[in-house]
Amino acid sequence: RNGDLQATLRRLDGAPYGRYKSLAGRWDVAGVAVELVRAQADPYAPPARVAVHVPASVAGFPAGLYGTPLRRRALAGFLARRAAAEAGDGVLVDGGGQEVLQRSSCQVGADGAVTLRLNVPLPGPRRRIDGRAAEEILCRGLPRLAERALRYEALDADAVRRFVETVEDSCALRDALPGLGLVAFVADGAVLPRRSGVDDRPARGAGVVPFRSPDALRVTVGLPHAGAVSGMGVPEGVTLVVGGGFHGKSTLLRALESGVYDHVPGDGRELVVARHETVKVRAEDGRRVERVDLHAFVSHLPTGQDTTDFRTDNASGSTSQAASIVEAVEAGARVLLVDEDTAATNLMIRDARMQALVAKAREPLTPFVDLVGSLHRDHGVSTVLVMGGSGDYMEVADRVVMMDGYRPADVTARARELAAVPTGRRAEADAFPAVVHRRPDPASVDGTVRGRLRVTARGTDALVLGEHTVDVRALEQITDSRQVVGVGLALGLLVRAGHLDGRRTLSAALDLLDRQLAEGVAPLLALRDEDFALPRRFEVAAALNRLRTLTVVR
Ligand code: ADP
Ligand code: MG
């Protein structure tokens, strides 16, 4: 917009609060452009949405920091964090947590220009525009924020470079996994434990034991910046993690869950990576299941229900976990992560004595132990499983890693010896069947309220989509509430872009979504300009699968 924001604000001083709307558009202010995207409706409504555009000439980043999409994501991640730390006046910038995700809050263009999107409370005592205070925030505060956080000159050049290189190394390492026959890698020296259950920063202090690979599993990988790094390679196949309680099994698995994302320098998990297509599955009783073929795991239920086409509004622990496994494979998972702490015991194991006592004819469940091998052999889906409480998995594991005082050891050979001694247990299945692909009805994924897409997050517990609430607590790879919003917007895009058209399978629709989001946040921003982080296809699918209104054809 041509014209002077400062003069306009002075003119509006004392005007009714609603007149802030008249400022919509883009204003040149002190070398940057301040764009009012959405005004605040009244002083108690959510803050205004504002974008600050910094031209490349002002931002001044060397081309090496933004030459590839990956570097642009990393640089934007750095800048969002700086801006979040520098913001004052009640201005809110979504800086993000330990993971470096694509966020709507900051984008770096291919030409090196920077856009910051933020939330600005517009001052309005007694429902009148306070022109002077607004001028202080919009005409001085925001340019000052850009000056301090979005310009190369003002930043610690080493810190910026290190951030970008860290992300680039993580990506290179993750991309190297398939070629090495690995599903995950944990670098020597990595710090896996977190500060607390609610604080994702690295644990610190003398008690922290840095990771050290067993020699038998040590792999060395060359990275663009860090050079040769060594650590534990988790091979494809079935990997069992055993060990005493409190010896660090779940902590290792959680680090692998998070290894689908890149981490900020200093996180401790910068070089802990897992294949992109890694999905944590768990039991979740009470969830909905819509027409999933569960017959691999469940047959002849007491209700007589057809388990090849299973639906319920209230799944049990075991059926919920079975559904989540089948759905993950349907969505394209290549690696499953399972922890005994959050698994349904009766889906995981059925030992020799129980087989003797309860005849197969009276037990609807086929335990995972009899299917996990075929999942890999016949479908290329590997599993990493934490199981300290049952030895039956030794028979099917390709590798057994024992955590002992937070140090992993390769105990595969000993486990093989033990597995060679028969327990009298009989396998209850010989193959995992092909997954039946479902075709979701887009009309059943309606996210609108009175014609408008409505997406909000309740922390990381729930996604409110249109009139409905989706419980997402079991989606443990969701990083933060902003990614929950990203999941909701992606569901909106699946429908609005026509990816879900009633004929296309969910998996084909997710392929189209992935292709569209490979460009970045723009397609979701076009639906709604607010703070969100890009989700993975697996969490989008998982949220869809938990939608209580979902209907599908097969
Ligand atoms: P398990 O699953 O084997 O019972 P956890 O992974 O839950 O054990 O870990 C138990 C405790 O040990 C947790 O409080 C965790 O933060 C801590 N811990 C895990 N790994 C380490 C480590 N490498 N150094 C220090 N403490 C750790
Ligand atoms: Mg545990």
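Mentor: A salt bridge is a side-chain nitrogen of Lys or Arg within 4 Å of a carboxyl oxygen of Asp or Glu. This is a predicted model, in which local features need pLDDT of at least 70 and side-chain atom pairs count only at pLDDT 80 or more, while totals for chains, interfaces and linings use all residues. Residues are numbered from 1 along each chain as its sequence is written, chains are lettered from A and ligands numbered from 1 in the order in which they are written, and side-chain values use heavy atoms, with hydrogens and water left out.

Trainee: Why is the pair D529 and R117 called a salt bridge?

Mentor: The closest N and O atoms of D529 and R117 are 2.6 Å apart. The limit is 4 Å, so the pair qualifies. Between domain 1 and domain 3 the count is 4 salt bridges, and the structure holds 48.

Trainee: What makes domain 1 and domain 3 separate parts of the chain?

Mentor: An automatic or database domain assignment sets the bounds: domain 1 is 5-155, domain 2 is 278-420 and domain 3 is 439-553.

Trainee: How do you know how many residues of domain 1 and domain 3 are in contact?

Mentor: Contact means heavy atoms within 4.5 Å; by that rule, 13 residues of domain 1 meet 14 residues of domain 3. The buried area between these domains, the accessible area (1.4 Å probe) that two parts lose on being put together, summed over both, is about 1200 Å², with 44% from carbon and sulfur atoms.

Trainee: What makes Y406 and ligand 1 a polar contact?

Mentor: A polar contact is a pair of N or O atoms within 3.5 Å; within protein, one must be able to donate a hydrogen and the other to accept it, and residues adjacent in sequence count only if both atoms are side-chain atoms. A polar side-chain atom of Y406 lies 2.9 Å from an oxygen atom of ligand 1, so the pair meets the limit. An N or O atom in the side chain of K249 is 2.8 Å from an oxygen atom of ligand 1, and for a polar backbone atom of G248 the distance to a ligand 1 oxygen is 3.1 Å.
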